[in-house]
Amino acid sequence: MAGSSNSSTSTATTGSAAQFLASARVISADDDEKKPLWRYMRKIVNTGKGKGGNSKFSCRLCDRDISGSYSRAKAHLLKIPNQGVNLCPKVTVDVLVQLKAEQERGDERAVNRAPRDIPLPTDCAAASGRKRRGTNPVEESFNMEELNKLDAMIARMFYTAGIPFSLARNPWFRKAFTFAANKSNHLAGYVPPSYNKIRTTLLVQERTHVEKLLQPIRSSWSSKGVTIVSDGWSDPHRRPLLNFMAVTEDGPMFLRSINTEGEVKSKEYIRDKLCEIIEAVGPANVVQVITDNASNCRGAGLLVQERYSHIFWTPCVVHTLNLALKSIGSARNEDDHNYEHFNWISEIVADATHIRNFIMNHSMRLSMFNDSSGLKLLAVAETRFASQVVMLKRFQEIKESLTLMVVSQRWADYRNDNVEGARLVKEKILDDDWWVRVKYFLDFTEPIYSMIRVADTDKPCLHLTYEMWDTMIEKVKSIIYNHEGLHPDEESPFFSVVHEILIFRWTKSSTPLHCLAHSLNPKYYTQAWIDEVPGREPPHLDSELSEEILACFRRFIPEGGLELVELRKQFANFSMMGPGFNGIDSMEDRGMLDPKQWWGIHGNAAPALRNIALKLLGQPTSSSCAERNWSIYGLIHSSLRNK
C-alpha cells in the first residue's frame with residue numbers, strides 16, 4: 001500500500017509539472033523543434049548582427065531577463081552551473097525532468113535532420129563481397145577496391161553538383177587526377193572514368209544504389225500511407241513538364257516526370273497520369289492526391305476520387321492561402337463592390353512597386369540606396385507565394401535607409417534623369433500616413449503569411465490544418481478590431497469582407513480528410529486545449545465535423561456492414577474517452593505526446609481506427625516538395641547537362 005501511495009503521488013507531481021510547463025509554453029510561427037526551450041522564453045530584442053546571434057529575452061517561468069544565445073536559455077532552465085547565467089528558481093526537480101526530456105527530443109530531431117552522408121555504391125558492394133568470398137589477392141595487388149571507390153566519388157561529384165558530363169573530356173580535368181593519382185604509391189597509373197563510363201555504367205550503378213536506399217521507405221508505404229503530389233513546370237526551352245512525388249513522414253520521393261508537350265492538359269489527361277502513378281505506388285497505400293487549385297487539376301482530382309473511393313483530392317493549402325491574399329490585395333475598379341474596402345491596399349502595393357522600379361532601373365539612384373542600406377531591394381516575382389507581403393515587409397525593413405537616401409544631398413543634387421519622378425518618390429517615402437497603411441496591411445495579413453510559412457513544407461501537418469485556419473481567422477479579426485477600436489460584439493465592414501474571402505477559400509479547399517485528421521489528434525480532446533479559446537469544443541461535439549467524419553468512414557468502407565459499425569464504435573470510445581481510452585496514462589498523454597506516438601502506445605483498443613490515424617497523422621497538406629524539386633531537376637534536364 002505504501003508503494004502504491006508513492007506511485008500515485010509521483011504521478012500527480014509529474015502531472016502538475018506538465019501542467020505548469022504547458023501553461024507557460026508558447027509555440028511561435030517560426031518555432032524551431034531542435035531548440036524547444038525557446039518556447040519558455042519571451043524574446044525582447046536581437047542584440048547580435050542581422051537576424052541571428054545573441055538576443056535579450058526573459059524567462060516565462062520566473063520573468064528574469066537574460067542576454068545571450070540559446071545556450072544561456074538552456075543553462076538557465078536546465079540549471080547548468082558555471083555558464084554565467086542565474087538558474088531559474090521556478091524549476092523544481094519534476095519540472096527539470098520534463099524540460100530535460102524536451103531538450104533530449106530536440107537533440108534527437110537535430111541528429112535525425114542533419115544532412116546524411118550517403119554511402120557510395122562501392123562501399124556496400126565491397127562489404128557484401130568480402131562477406132561472401134573474402135579478399136581477392138589479384139584485386140588487392142592492383143588496388144581495385146580503391147580504384148573503384150575513387151571512380152564512384154568522382155561520379156558522385158558530377159551528379160550532386162550538376163556538372164556536365166562533357167567535363168570528363170576536358171584534358172585538364174584528366175591531367176589533374178592523373179597527376180594526383182600517380183604521385184601516390186597506391187594509385188599509380190590511375191585514369192579517371194571516361195565520359196561514357198560516367199553517363200552509362202557509373203550512372204546506372206548510382207541509380208541502382210539509390211533505389212536500394214529508398215526501398216525501406218517504399219516498404220513502409222502500406223503502414224504509413226502515401227500522398228501523391230503533382231505540379232507543373234516549364235523548362236528553359238518552354239517545354240511543359242509534369243512531375244509526381246510520393247510524400248510520407250520520411251520525406252518526399254521523386255517518382256516520375258512527364259513531358260506534356262503537344263498534349264491538351266485536360267482534367268481527363270491529368271486524371272489518367274495520376275491514376276498511372278497511383279497504380280504504380282499501390283492504390284491501397286495512397287491516402288490523398290495534392291495538386292494546385294487550377295480548374296483542370298480540381299476536375300482531375302474529383303475524377304480520381306470517383307475511381308478510388310478511399311483516395312481524397314486535396315488542394316494545396318499554400319496555394320489556397322496565396323489566392324486569398326491575392327483576392328485581398330489585387331487591383332480593383334470602381335465597379336467592384338469591394339472597391340472602397342481594398343482600394344487602399346492596391347494603392348500602397350502600386351506605390352511600393354513604383355518606388356522599387358524607379359530605384360532599381362536607375363543606376364545612380366540604386367548606388368545611393370546601396371550606400372544607405374545593407375539590405376537589397378527585392379524584385380519579387382508575381383508567382384511567388386505572398387509576393388505583395390514579402391515586398392512590403394522588405395520596405396518596412398529598409399524604411400530608415402530609404403528615408404536617409406531621399407533626404408541626402410546626393411539625391412537632391414542628382415538631376416540627370418526623371419526629376420519629377422524623383423520628387424514623387426521622395427514625397428511618398430516621407431509620407432507617414434503611407435507607412436501607417438503599409439504597417440496595417442502587414443499586421444492584419446501576418447497571421448495568413450505565418451500560416452503559409454508553417455504549411456509550406458512536406459512535414460506532416462494535415463491534422464493541424466483545420467485548427468490553423470480557425471486560429472488564423474480569429475487572429476485576423478483581433479488585429480482588425482483592435483485597429484478600428486471595436487468590441488468583439490460590434491460589426492466591422494472591413495473584416496466582414498476579409499472574412500468572406502477567407503471562408504470562401506477555406507470552403508473550396510477543405511475536405512472530409514481535413515476534418516477526420518483534425519478529429520484524430522488526441523490533443524484536441526484535452527481540457528487544456530478546450531479552455532484556450534472561449535466557446536471552443538472538442539471535435540466530436542461539432543456537428544459539421546461529425547458529418548464530415550462519418551462521410552470519411554463511409555468512403556473508407558463503402559460496403560458498410562459490421563466493419564463500418566465497429567469503426568464508428570472505436571471512434572466513439574476514442575472521442576469520449578470510453579473503454580480502452582479512459583486510463584490515466586492515456587488521458588494524461590493526450591496533451592503531452594506527439595499524436596502518432598500517442599496512437600502507437602494507446603491505440604490498441606481501436607486497431608482499425610489506429611491504422612487510419614497513423615496514416616493521416618503523417619501526411620502533408622501542400623505541394624511544396626514538388627515546387628522545390630524543380631530547382632534540382634533544372635540541373636539534370638538541360639541541353640548542356642545531357643550534351
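Author: Happy to start with a term we will need: a contact means heavy atoms within 4.5 Å. This is a predicted model, in which local features need pLDDT of at least 70 and side-chain atom pairs count only at pLDDT 80 or more, while totals for chains, interfaces and linings use all residues. Residues are numbered from 1 along each chain as its sequence is written, and side-chain values use heavy atoms, with hydrogens and water left out.

Reader: Thanks! Of the contacts in the protein chain with a separation of 6 or more, what share comes from residues 24 or more positions apart?

Author: The protein chain holds 30 helices and eight strands; helices (H or I, at least four residues) and strands (E, at least two) are DSSP runs, numbered from the N terminus. Counting contacts with a separation of 6 or more, the part that joins residues 24 or more positions apart is 63%.

Reader: What percentage of the 643 residues is buried?

Author: Buried means under 20% relative accessible area, exposed over 50%, and partly exposed in between (1.4 Å probe, protein chains only). Of the 643 residues in the protein chain, the buried ones make up 43%.

Reader: Why do the buried residues of α19 lie on the same side of the helix?

Author: In α19 (residues 419–429), the buried residues are G421, A422, V425 and I429. What covers them includes α14 (339–360), α15 (363–372), α17 (399–406), α18 (409–413) and α20 (432–455). They are on the same side of α19 because the arc they cover around the axis, taken from the directions from the helix axis to the C-beta atoms, is only 100°.

Reader: Is H514 buried or exposed?

Author: H514 belongs to helix α23. Leaving aside neighbours within four places in sequence, H514 is in contact with T314, L462, T465, Y466, W506, S509 and T621. Its relative accessibility is 2%, so H514 counts as buried.

Reader: What relative accessible area does T511 have?

Author: T511 sits in the loop between α22 (493–509) and α23 (512–519). Beyond neighbours within four places in sequence, T511 is in contact with W313, T314 and P315. T511 is buried, because its relative accessible area is 9%.

Reader: How far apart in space are M360 and K376, C-alpha to C-alpha?

Author: M360 lies in helix α14 and counts as partly exposed because its relative accessibility is 32%. Not counting residues up to four places away in sequence, M360 touches L366, L377 and A379. M360 and K376 are 16 residues apart in sequence, and their C-alpha to C-alpha distance is 10.0 Å.

Reader: One more: at what relative accessibility does L404 count as partly exposed?

Author: L404 is found in helix α17. Together with V407 and L430, L404 makes a nonpolar surface patch of about 260 Å². L404 counts as partly exposed because its relative accessibility is 47%.

Note on methods: Patch = residues over 30% accessible without salt bridge, like charges linked within 9 Å, V, L, I, M, F, W, Y side chains within 5 Å. Areas by Shrake-Rupley, 256 points an atom, 1.4 Å probe, with all protein chains shown as cover. Salt bridge = Lys/Arg side-chain N within 4 Å of Asp/Glu carboxyl O.
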